[in-house]
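Please work through each task before reading its solution.

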Amino acid sequence: MSREIRLNAFDMNCVGHQSPGLWAHPRDRSWQYKDLEYWTDLARILERGKFDGLFIADVLGIYDVYNGNGEAAIRQATQVPVNDPLSLIAPMALVTEHLGFGLTASLSFEHPYPFARRLSTLDHLTKGRIGWNIVTSYLESGAKNLGQKAQTEHDARYDYAEEYLEVCYKLWEGSWEEGAVLRDRERRIFSDPSKIHEIRHVGKHFQVPGIHLCEPSPQRTPVLYQAGASSRGKQFAAEQAECVFVAAPSKVLLKKIVADIRRRAAEAGRDPKKILIFNLQTVIVGETDAKAKAKFDEYKSYVSYEGAMALISGWTGIDFSQFKPDEPLKHVHTNAIQSAVEAFSTADPNKVWTPNELADWVGIGGFGPLFVGGPETVADLLQEWVEETDVDGFNLAYALTHETFIDAVDLLVPELQKRGVYKTEYAQGTLREKLFGDGARLASNHPGAGYRNLSDAHITNVGGGLPPIAAVQSRHL
């Protein structure tokens with residue numbers, strides 16, 4: 001039996017997202033990102049196409065590396081202006097029944113106590129269709145605007161993330177026991193205090209003594225996504241993530257990344273096949289190969305070189321204005337997205353990249369590969385990549401929105417369904433149940449599951465005596 005291909009849509013609460021300049025195309029709707037109808041229309045389109053979810057990116061800061069300022073990004077709407085993504089989810093959930101929502105939210109700039117409540121609230125409102133893309137933020141501009149002198153070093157941000165997750169797990173999984181909510185009208189008891197526990201977390205970065213403010217949501221812990229592909233990021237993903245988002249531009253590199261993540265997961269005691277890995281992908285589909293090619297040529301004429309350079313400079317931390325458009329580039333280490341630099345250095349060892357070639361590559365769809373063709377051609381390519389790399393599916397970035405997604409739903413999805421490699425109906429239940437076919441809760445071998453029935457050394461009854469300080473020190477995952 002052929003392997004199922006999973007699809008997410010990839011968007012952001014901004015103009016253009018991964019295709020700088022294409023907002024100016026007369027059929028593009030990304031400039032309507034601030035209108036509720038943009039998002040509810042998109043959600044209906046994706047559910048009609050049986051997409052697993054909408055993966056919503058985010059940045060807190062602007063791309064100000066190119067030319068040493070943010071003027072190019074502002075001029076070309078390169079992910080600025082950008083609105084908060086969280087408010088989008090409830091209205092989209094209201095007009096859909098099955099579509100999942102992967103919310104990108106940085107743990108670098110918000111305390112875990114109020115954040116855990118926001119995610120539980122969304123999990124309640126969506127009836128268990130929420131996921132969290134865990135990011136540690138890489139833009140210096142964001143760090144400075146929140147009072148930090150500079151961005152924390154790359155690997156140190158993941159050390160911080162581990163304790164952040166520990167606090168969230170304690171709140172989501174351990175604070176409220178099963179059966180804590182009684183809703184007993186006769187006795188006028190809504191919740192049983194003896195089954196609700198203070199987490200009493202004392203760690204290097206956080207001290208959180210109290211209970212989680214929300215009653216248990218359908219999934220408790222949202223489905224956990226992670227999008228780091230550096231060595232440290234892959235280790236974090238292998239230990240914590242249920243879905244991993246990567247952006248490999250070639251099959252050779254993607255196969256290497258997927259194998260590495262699955263190997264690390266197995267070493268961490270997890271089932272490597274229970275981690276779903278999605279690669280960034282853009283598909284331009286037409287009724288025929290020729291029509292798709294004509295569409296691609298039309299789109300390409302709108303790509304902004306300046307916008308692409310602002311995007312790449314922000315991703316890599318390299319100011320590409322210091323290079324001539326046709327100047328060969330060398331590998332440069334930065335404190336930004338290390339994997340972005342590594343991808344173009346290792347995907348093709350014999351390739352010498354120039355700024356012009358980078359701009360051409362990322363101008364439509366960002367770092368991921370681009371497939372152009374009729375339904376049969378694109379379906380062949382997607383199946384080939386799945387079979388040869390062991391990837392589970394794709395996060396589809398758009399060239400034009402909503403046109404790219406409509407073409408995928410109306411042309412590509414039926415072809416994949418005809419081949420038996422794409423679902424014809426949604427599974428029932430929460431997002432986690434739809435993705436993995438198991439229960440609504442974290443798998444028992446996931447690190448977060450270890451916080452469900454903690455001893456008094458880590459969680460004590462509300463109102464109980466404090467255990468010794470040494471007993472409640474934060475344990476590392």
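This is a predicted model: local features need pLDDT of at least 70, side-chain atom pairs count only at pLDDT 80 or more; totals for chains, interfaces and linings use all residues.

**Exercise 1.** Determine in which sense β4 and strand β10 pair, and over how many bridges.

*Solution.* Begin with the two segments: β4 covers residues 130-135, and β10 covers residues 223-226. The two strands pair in the parallel sense, and four bridges join them.

**Exercise 2.** Identify the sense in which strand β3 pairs with β4, and state which unit β3, helix α4 and β4 make.

*Solution.* Strand β3 consists of residues 100-106 and pairs with β4 in the parallel sense over six bridges. Within this pairing, F101 lies opposite I130 of β4.

**Exercise 3.** Explain why β4 is described as largely enclosed by the rest of the structure.

*Solution.* A residue counts as buried under 20% relative accessible area. Five of the six residues of β4 are buried; the strand is therefore largely enclosed by the rest of the structure.

**Exercise 4.** Classify the relative orientation of α1 and α14, and list the residues that make their contact.

*Solution.* Helix α1 (residues 36-48) packs against helix α14 (residues 403-418) at about 20 degrees, and their axes are 9 Å apart. Angles under 35 degrees count as roughly parallel, so α1 and α14 are roughly parallel to each other. The crossing of α1 past α14 is left-handed. On the α1 side, the contact involves L42, I45, L46 and R48; on the α14 side, F405, I406, V409 and D410.

Methods
Residues are numbered from 1 along each chain as its sequence is written. Side-chain values use heavy atoms; hydrogens and water are left out. Buried means under 20% relative accessible area, exposed over 50%, partly exposed in between (1.4 Å probe, protein chains only). Two strands pair if DSSP finds at least two bridges between them. A crossover is right-handed if, with the strands pointing away from the viewer, the path from the first strand over the helix to the second runs clockwise. Axes are lines fitted to C-alpha atoms, for helices over the stretch in contact, and angles run from 0 to 180 degrees between N-to-C directions. Angles under 35 degrees count as roughly parallel, over 145 as roughly antiparallel, 65 to 115 as roughly perpendicular and the rest as oblique. A crossing is left-handed if the near helix is turned anticlockwise from the far one by less than a right angle, and right-handed if clockwise. Contact means heavy atoms within 4.5 Å.
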